[in-house]
Amino acid sequence: MRNNDDDKSYSSNDRSNKNDEFNEVNDSFYDGLNNLLPDDEKISPREVNDNKSSDDQYSSEFDNDNPETEDDYSIDDSDDYQEEEESNEEAKSHQPHRLRPHHKARHVVRNIFRGIFLLFLLIFTLGIGLFAYYAKSAPQVTQAQLQSGGSSTLYTSDGKLLLTLGQEKRNYVKYNEIPQQMKDAVVLIEDKRFYNEPFGIDPIRIGGSIISNIRGHDISAGGSSITQQLIKLSAFSTSVSDRTLKRKAQEAWIAIHVSREYSKQQILEYYINKVYMNYNIYGIGTAARYYYGKKLDQLDLSQTALLAGMPNAPTFYNPYITPARAKYRRDLVLQAMLKNGKITQAQYSRAITENIQHGLTYKHDTQSKLRKIDDPYIKEVVDEVREKGFDPYNDNLKITVNINQKAQDELYQLANSGKVPFTNKKMQAAATVVDPNNGHVIAILGGRHLPNVALGLDRAVQTGRSTGSSIKPVLDYAPAIQYKHWPTSQILYDTPYTYAGTHIQLNDWDNRYYGAMTMRYALEQSRNVPAVRTLEDIGIKRAAKFAKQVGVNVEPSQGLSVAIGANASTLQMAGAYSAFATLGMYHKPQFVSRIQTATGEIHNYDTPGTRIMDKSTAYMITDMLKGVITHGSGLKAKDGDLIEAGKTGTVKYSNAELKAHPSYNGTPKDSWFIGYTRSYVMSVWTGYDTLAQGKITGSGQNSAMLLYKSMMDYLMKDKVNMDWTMPDSVVTRNFNTGRELFQKGHAPAAPKKKKNINRIPRRIIRRYQENPNTTFDSNNSNRVVIIERRPNNQNQNSNQTQQNNQNNQGNKNSNNTNSNTENNQPNNSNDQNQQQTNDNTE
């Protein structure tokens, strides 16, 4: 038998022989391969072997089922293995280090998963912390808040309750009065897992919403359950700007508490009675009466499905105005009910083919008298609140409005009671009253004989009608003073004028031309050609920019004709003239001054105003507009001794309109008057909605001025009648046309003041001429003193003869100085002073 040393020796020699054989074969293989390859692509066996791992070399050579061989390799060949490894290391030192691809990929994947896990862990931890931080400041929600309508409350500026939107129409229905079909329809379309949400939130829906919102780059919207929607309608604003992570966290936290304190039945009842259903109504029960004149249990399946789907967007899915959209939403509800087994196929087929407007009612007389009077004002409040980013019907806001209810009532009565004459009942009127010192709209008239329609047509804010000449101070003359420093005495020309590039000749209302005139006279008499020439001189782009600063939008592309009429509303014109009343400070007219959210956050909207023109510009315009009322085109608007200014505006029919209605020739299409004091500005429009309704005749042509006069008389009865104070930047000059105004630095030099030598009043001079025996007291020139004169001796006979003959003509030929002085007015100041001295001496 062989000993162990022999075995080892044998094993080592045998392996060495095998390696030599392998290397010979391997070298032969690569020699043959290299013979086939170009010189620059030849392969070295050593290079290939070095690219292999030592594990792969030995495992491929000695991979067999003999455990003894494996043991021998692992034990006895350690020195050879070490030498081979050292040899490989030495070879690798001359080559760049290379990692095994499968090890590298495994390492990268493992790091990626590790990083993702740590990231999600960090996000989760931060999310929990952020949620807890937001949740601790969440507001408390009471049962009264959950049960109440989601509408907002309006208060007057003195804190008195005006009204609550929708409150007077809400019909609350208990849970057991709500048909099961309605409950199923609401739950399936709004939150199908509602009954399986123990915490009042839907994690699946929230997850889907997060994914959708990340794709849309918005992390603040969506994913609300019915419970969360109830919380939102009860305690938060639905404003887009308020859809924040903080609000969402607080919403979810409150939903968890509400779900623990109230049953699913209570929550669903509160929700169904709270949702806004358009037309200032709340709750699906109220909506059933409004839209169909029925109770909930009297609705058919199609009607039930429509009302259940409307809370998502009641205006968008309005069956009266957008029936196609309403049908789409109704069909979605019906499909959800069919899919979840709440209705049969037969019920579905019958309901989905029903006309969407089947059963709708069209007459709704639900407004109170107060609401009817205030409706135009409330409409503007709702629109303004929405513009500020809030939902007045769902956000539970406390809104402070600027209405003066007594003034609002008076304006309505003047327009509808016959106190102010109109041509007929179809003739319409619109008006806006503004406090120029803060921009508060205190009263508004949306029209005469308003129908019982909530938030109906408001003519006071319509911008589709021409203002006529009332635009002239805003667009023409104020920019001329502001930019070109024109005085009120600027000479303008009322002469034949043709618009550039056309054959259209500009005419005035009387088809006459008056030649050269001052700017003051042109504005007082409302002459058209001077106004157009003025706008042409300024440049329409520059003037339009000026008008835009006071809220009147004029497109330069409209051409120079806008100089005598631009489209604007009574609201815009009242705001524009407010800048004149405040000597250049503009406050944008506003209906809302303060909003308090359900969470107690307060937003104030009063501003100090913006200066858009110099004081001198506003004062000079006002000074000229005073003349419009005192002796110009606005005489009918004059209210006693009230200090006021204003401008008329009359719009003519076009040739096409006169061709269709020849009898309208010579009558105005629209009539305006905008007037103001230091306390109020009022803008009035009168006319017809359509041509077919009639023409303005008789006293109706003065209705705008008379409505202004009566309303301003009411407004100013408790106000101080104050005039405007002329600023230091305005100087006056007197001309033969009267007193005119200039901006300081742009006035002609004042004429030198002549020394007034003759200080004797003219009435005294006349008495002196009539009575020669009069002279003047040196201490008081107004005192007449009768004295006895001492004639000179040499002229005594001559004077006596003149007195006896009583012939004053003889004095002209006399050389007697005293006679000339007594019978004739002194020819110059020296003679007069000398005579006075002589008389005083005597």
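The numbered points below begin with the basis of the values and then turn to local features.

1. The model is predicted: local features need pLDDT of at least 70, side-chain atom pairs count only at pLDDT 80 or more, and totals for chains, interfaces and linings use all residues. Residues are numbered from 1 along each chain as its sequence is written, and side-chain values use heavy atoms, with hydrogens and water left out.

2. Helices (H or I, at least four residues) and strands (E, at least two) are DSSP runs numbered from the N terminus. Helix 18 covers residues 405-416, and its 12 residues should span 16 Å at 1.5 Å a residue, the expected span being 1.5 Å times one less than the number of residues. The end C-alpha atoms lie 17 Å apart, which agrees.

3. Buried means under 20% relative accessible area, exposed over 50%, and partly exposed in between (1.4 Å probe, protein chains only). Helix 18 is mostly covered, with 9 of its 12 residues buried; among them are Leu411, Tyr412 and Leu414. Gly418, with a positive phi near 95°, follows helix 18.

4. Most residues other than glycine have a negative phi. His485, which is not a glycine, has a positive phi of about 60°. His485 sits in the loop between helix 19 (472-484) and strand 6 (491-494), and counts as partly exposed because its relative accessibility is 29%.

5. Leu583, not a glycine, has a positive phi of about 60°. Its place is the loop between helix 23 (570-581) and strand 10 (585-586). Leu583 counts as buried because its relative accessibility is 14%.
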